[in-house]
Amino acid sequence: MGSGDAFGSGGRFQTCIALGTEASAPPHVLIDCGATSMVAMRQQRIEPNEIDTVLITHLHGDHFAGLPFLILDGQFRRRTRDLTVFGPPGTDARLAQAMETMFPGSSTIRRRFTVHVREHADRRTSELGPLRITPFEVSHASGAPAYAVRVETAAGAVAYSGDTEWVEALLEAADGVDVFLCEGYSPAPTRWHLDLDTLHRHRDRFTCKRLILTHLSPTALASDLTEWQIAHDGLHIDL
Ligand SMILES: [Zn+2]
Ligand SMILES: [Zn+2]
């Protein structure tokens, strides 16, 4: 739903990936929930109150700042389904801070549903219903550890790099998955981010079936992308 960088480059929404089990059923899982994600969900006709799990790669606003809006929307529209947020260590406190900054009092108000916050640990797999979720620590300064995430189900597997400079752990996170969504931030190396030159050098080492670039900066969007598959908002992929 959101394939852009932090700044809306190319008119794209910030990172938000919806996972569903069947095309006909509403998705229940998000990977990342950037500040623009409520608009992106409404545009894609996805009901926010149906989302029961949000996996957060790292605590930058373009990846997690949609959560206060998602929680508040649930409160105002009488949501009863609990929400589980899986995020880096410190997610609970950062989420409360973000809610209090934007909507004072909103982090402590009584709701009809509970927000459960669980923390990632490097390479520790969690089972959640039909999902197996494994985070891999990457390298991206965001005030807390940052992760790539791998999600496996009986139907298939996907992985997302999050934001990171090159780390070998990306190869493990993407090993054998059907789709690897990978940051393609800039044409040439940029600190804390993935670039197309570096990805090109490592491309043959990935064992994923498809590698699709996302989170592109204006310079990446303007560069020659013919050798790459590129995500766009609204891209629907069947595994
Ligand atoms: Zn980002
Ligand atoms: Zn970031």
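Two residues are said to be in contact here if their C-beta atoms, placed from the backbone, lie within 7 Å. The views below are taken from a predicted model.

**View 1. Ala148 and the largest nonpolar core.** Leaving aside its neighbours within four places in sequence, Ala148 is in contact with Thr57, Phe136, Val138, Ala159, Tyr160, Ser161, Gly162, Thr164, Ala169, Leu170 and Ala173. The largest nonpolar core comprises 59 residues, and those that touch the most other members are Leu30, Leu67, Ala148, Val149 and Ala159. The element that gives the most to this core is strand E8 (residues 146–153), with 5 residues.

**View 2. The open sheet of 5 strands.** In this sheet the strands follow the order E1-E2-E3-E4-E5, and their pairing is mixed. Strand E1 (17–19) and strand E5 (115–119) each have a single partner strand and stand at the edges, so one side of each is left without a neighbour in the sheet. On average, and with direction ignored, neighbouring strands of this sheet are turned by 20° against each other. Within the sheet, strand E3 (residues 53–55) and strand E4 (residues 83–87) run parallel and are joined by 3 bridges. Thr53 stands opposite Thr84 in E4.

**View 3. Helix H4 against the sheet.** Helix H4 (residues 91–102) lies across E4 and E5, and it runs at about 135° to E5. The helix has 12 residues and reaches 16 Å from its first C-alpha to its last, which is close to the 16 Å expected at 1.5 Å a residue. Thr91, Arg94, Leu95, Ala98 and Met99 are the buried residues of H4. Seen down the axis of H4, these buried residues fall within an arc of 135°, so they line one face of the helix. They pack against helix H3 (67–76), E4 and E5, whereas Ala93 and Thr101, on the other side of H4, are exposed.

View 4. Ile109 is found in the loop between H4 and E5. A residue counts as exposed if 12 or fewer other C-beta atoms lie within 10 Å of its own, and Ile109 is exposed because it has 11 other C-beta atoms within 10 Å. Between the C-alpha atoms of Ile109 and Ile17, which are 92 residues apart along the chain, the separation is 28 Å.

**View 5. The open sheet of 7 strands.** Here the order of strands is E6-E7-E8-E9-E10-E11-E12, again in an open sheet with mixed pairing. E6 and strand E12 (229–230) stand at the edges with a single partner strand each, so one side of each is left without a neighbour in the sheet. Strands of a sheet pair through backbone hydrogen bonds, either parallel or antiparallel. Strand E10 (residues 179–183) and strand E11 (residues 210–214) run parallel, joined by 5 bridges, and the bridge partner of Leu181 in E11 is Ile212. E7 and E8, in turn, run antiparallel and are joined by 7 bridges.

**View 6. The hairpin of E6 and E7.** Strand E6 (residues 126–128) runs antiparallel to strand E7 (residues 131–138), and 3 bridges join the two. One of the pairs to look for is that of Ser126, which stands opposite Ile133 in E7. The two strands form a hairpin with 2 residues between them, and Gly129 in the turn has a positive phi of about 55°.

View 7. Arg123 is found in the loop between E5 and E6, and its phi is positive, at about 65°, although Arg123 is not a glycine. With 14 other C-beta atoms within 10 Å, Arg123 is partly exposed. His215 lies in the loop between E11 and helix H7 (218–221), and this residue likewise has a positive phi, of about 60°, although it is not a glycine. Because a residue is buried if 20 or more other C-beta atoms lie within 10 Å of its own, His215, with 30 C-beta neighbours inside 10 Å, counts as buried.

Methods. Residues numbered from 1 in each chain as written. Chains lettered and ligands numbered in written order. Predicted model: local features only at pLDDT ≥ 70, side-chain atom pairs only at ≥ 80, totals over all residues. Pairing = 2+ DSSP bridges. Helix = DSSP H or I, 4+ residues; strand = E, 2+ residues; numbered from the N terminus. Axes fitted to C-alpha atoms, helices over the stretch in contact; angles between N-to-C directions. Core = buried A, V, L, I, M, F, W, Y, C linked by C-beta atoms within 7 Å. Expected span 1.5 Å × (residues − 1). Arc of directions from axis to C-beta.
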